[in-house]
Amino acid sequence: MWPSSWSKSQVKIHDTPPPSTSTSTTSAPSLFSCSSFKDIHTLLSDESTSSVVSAVSTASTAASSNYPRKASIFHRVRLANSLLRAWAPRPSEPSPAAQSVEERSSSESQQQQQEPPQPSISIPGAEKHIVVYFTSLRVVRSTFEDCKYVRSILRGFRVQIDERDLSMDSAFLNELQGIFGGGQSKLTLPRVFIGGRYIGGAEEVRQLHEAGELKKFVESLPVAGPGVCDVCGGYSFVLCHECDGSHKLYAEKAGGFKSCNACNENGLIRCPSCSCAPI
């Protein structure tokens, strides 16, 4: 029924040959074998770990072959200590200017120790009251304000105060210069003496008053009477009875006027009731 030419085909069909079993050819080993793909992560991780371990072991082997043996722990500690000492900041040497300042301060301290202490300044006959040298002139405003401030503080203690106004009597200036020995070229006012001892000027009185120490100095002084003096009205001066305040007297023998020796240049004398004896 079929043609004879169809009975046999000229095309050869090559079947896949079976795996060779010869001993000369060896098959490549399988990379992995597992029953399912669920264990693929485990297999990959094991493979990467093994590769890393092998790489580390190879690097350590190469390093041990190329580099010498490591130093002992004591050698490394010694080396670290030497580096720390080298890097530590060194103390800076003082500059010549600082040395000169230190030498000057030390020499000044030695001189102060060698010098004897200066005696305290005091005035005789003023142990029971306060003596204030001041001025009532307004020529220098700061000096006038300081004198006014000090007098107001001292008057608040209600003790006897001997106020010596240099503008009213030039003899007070000579007294003040004699007290300080003429060592100060320019005397500033006011100057306060309590119980005959020198306290200071306006700044010292202010500091003592603010600290509460000024009250301790005047506690031992007698209390002054109420009101002002009935003779001078609180001015501490009265007119001279000999010249009636003119500071001039007529002398018949001289045939003219002469200066009154009983009063000052302003024709005033100290109040005999409230003023203390002159120094």
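**Reading an aromatic cluster and its surroundings**

Mentor: Let us begin with a charge over a ring: the charged end of Arg191 sits over the ring of Phe180, 4.9 Å from its centre. Please keep in mind that this is a predicted model.

Trainee: Which charged end sits over the ring of Phe237?

Mentor: That of Arg270, 5.8 Å from the ring centre.

Trainee: How should I read a pair of aromatic rings?

Mentor: A pair of aromatic rings is described by the distance of the centres and the angle of the planes. A search of the whole structure finds seven aromatic pairs. In one of them, Phe180 and Phe193 are tilted, with 6.4 Å from centre to centre and 50 degrees between the planes. This pair links distant parts of the chain, since Phe180 lies in the loop between H6 and S3 and Phe193 in strand S3, 13 residues apart.

Trainee: Are Phe180 and Phe193 buried or exposed?

Mentor: Both Phe180 and Phe193 are buried. For Phe180 the relative accessibility is 13%, and it therefore counts as buried.

Trainee: Why is the pair of Phe180 and Tyr198 edge-to-face?

Mentor: The planes of the two rings stand at 90 degrees, with the centres 5.2 Å apart, so the pair of Phe180 and Tyr198 is edge-to-face. Tyr198 belongs to strand S4 (residues 197–200), 18 residues from Phe180. Tyr198 counts as partly exposed because its relative accessibility is 23%. Phe180, Phe193 and Tyr198 are among the members of one aromatic cluster, together with Tyr133, Phe172 and Phe237.

Trainee: How do I read the sheet?

Mentor: Strands of a sheet pair through backbone hydrogen bonds, either parallel or antiparallel. Here four strands form an open sheet with mixed pairing, in the order S2-S1-S3-S4. S2 (161–165) and S4 are the edge strands; each has a single partner strand, so one side of each lacks a neighbour in the sheet. From one strand to the next, the twist averages 25 degrees. S3 and S4 run antiparallel and are joined by three bridges. The bridge partner of Phe193 in S4 is Tyr198.

Trainee: And the nonpolar core?

Mentor: In soluble globular proteins, nonpolar side chains tend to be buried together. The largest nonpolar core in this model has 30 residues, and those with the most contacts inside it include Ile130, Tyr133 and Phe193. Strands S1 (130–134) and S3 (191–194) are among the elements that each supply at least two residues of this core. S1 gives the largest share, five residues. Beyond its neighbours within four places in sequence, Ile130 is in contact with residues including Leu154, Val192, Phe193 and Ile194.

Key
Residues numbered from 1 in each chain as written. Predicted model: local features only at pLDDT ≥ 70, side-chain atom pairs only at ≥ 80, totals over all residues. Heavy atoms only, no water. Core = buried A, V, L, I, M, F, W, Y, C linked by side-chain atoms within 4.5 Å. Buried < 20%, exposed > 50% of the residue type's maximum accessible area, 1.4 Å probe, protein only. Contact = heavy atoms within 4.5 Å. Phe/Tyr/Trp six-rings, centres within 6.5 Å; stacked < 30°, edge-to-face > 60°. Lys NZ or Arg CZ within 6 Å of the ring centre and 35° of its normal. Pairing = 2+ DSSP bridges. Axes fitted to C-alpha atoms, helices over the stretch in contact; angles between N-to-C directions.
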